[in-house]
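Let's take a walk through this fold together. Have the sequence and the model open side by side, and follow along.

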Amino acid sequence: MKNNFWKNKKVFLTGHTGFKGSWLTLILNSLGAKVYGYALNPISQPNFFDGSRLKKFLKKDFRENILNLKKLKNTINKVKPDIVFHLAAQSSVLVSYRDPVGTIKTNTIGTINLLEAARPNKSIKCMIIVTTDKVYQNLEKKIKFKENSPLGGQDIYSASKASCEILTESYLKSFYLLKGVKCNIATARSGNCIGGGDWTKDRIVKDCAEAFLENKNLFIRIPNASRPWQHVMEPLFGYLKLAEKLYFNKKYVGSWNFGPNIKNNMKVIDVAKFGKKILNSNSKIKFTKQKYYESKHLSLDSSKAAKYLKWKTQLKPKEAIKFAFDWYKFYYKNKSKIIDFTFNQINNYKKKYFD
């Protein structure tokens, strides 16, 4: 990453009150960027954004709905950002079963509204639309998905995000790749991010921490499901590196995978057992019936990012998991100083990343 690239850059970040958005807010702040957040209020209690008082790390905190195109367009015109990160989304597979219409509206119409609102703005040099590793047609064949693999989605969440990819590409070809347009756009696909501050319902690390720290039983649905676990900072630094390249060069337009090596895959039950050991808990791990379809095997081929961005995950799976559990362990002991602990994790990761 380039020294001082982010200093004083105006960054418009949708979804800044969410898990990944909160971490990206802090990372951008540590790099000297001026961050303008645009999102609804946090959906969970507790939540990382309010609990750590992250508003003070923003230049401006807009609490608005991306489904309101007029307000979104007016805000972007007012801010005149250099770079846009789109993270606002309904991000849970299980919630998408309970609220399919809301999920589709937020994830597809919300993305289209951003692309439409940003279109007339001349200040924006690049935009990254964050989707998910679940955009691919997953036939459970234990293959690694490349950026040109067929898109699909058996569950509503995955289908809505695959739709985002298709719609973004259509907007690119229809409007953003025209002569004279200076805004370069890429989509970023990553998933199974873990880390402190994720209070979203049905997240394995959060569920483990809550159960193990209070010595309660942990119930898990699909113990043998294999996932490419990575700490949230890993793909976020990938997005930042992509934005730096995209800012100057159209050849980085397109879709990008940000996932760990398949060797980083661990079964859900193994994550739970490792967390129990880290937190020194006497809790019991029990299994509960799986109600809805969730993919059992998922892995990305990130060779494109490795080749052209020189990006790869820096933390081994158990290192990433320990980073996450250490955060929750500290939080439950000393909430008032959790922001200092978070910045320490960011700075320690930076050293590993830049060295």
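Y38 stands opposite F62 in β3, and β2 and β3 pair in the parallel sense over four bridges. Strands here are DSSP runs of E, at least two residues, and helices are runs of H or I, at least four residues, both numbered from the N terminus; two strands pair if DSSP finds at least two bridges between them. This is a predicted model, where local features need pLDDT of at least 70, side-chain atom pairs count only at pLDDT 80 or more, and totals for chains, interfaces and linings use all residues. Residues are numbered from 1 along each chain as its sequence is written, and side-chain values use heavy atoms, with hydrogens and water left out.

Now zoom out to the open sheet: seven strands in the order β3-β2-β1-β4-β5-β6-β11, with parallel pairing. At the edges sit β3 (60–63) and β11 (254–257), each pairing on one side only.

Next, look at helix α1 (residues 19–30). Its end C-alpha atoms are 17 Å apart, which agrees with the 16 Å that twelve residues should span at 1.5 Å a residue (the expected span is 1.5 Å times one less than the number of residues). Ten of those twelve residues are buried, so α1 is largely enclosed by the rest of the structure; buried means under 20% relative accessible area, exposed over 50%, and partly exposed in between (1.4 Å probe, protein chains only). Among the buried ones are F19, W23 and L26. After α1 comes G32, with a positive phi near 95 degrees.

Finally, find P42 in the loop between β2 (34–39) and α2 (48–51). P42 counts as buried because its relative accessibility is 15%.
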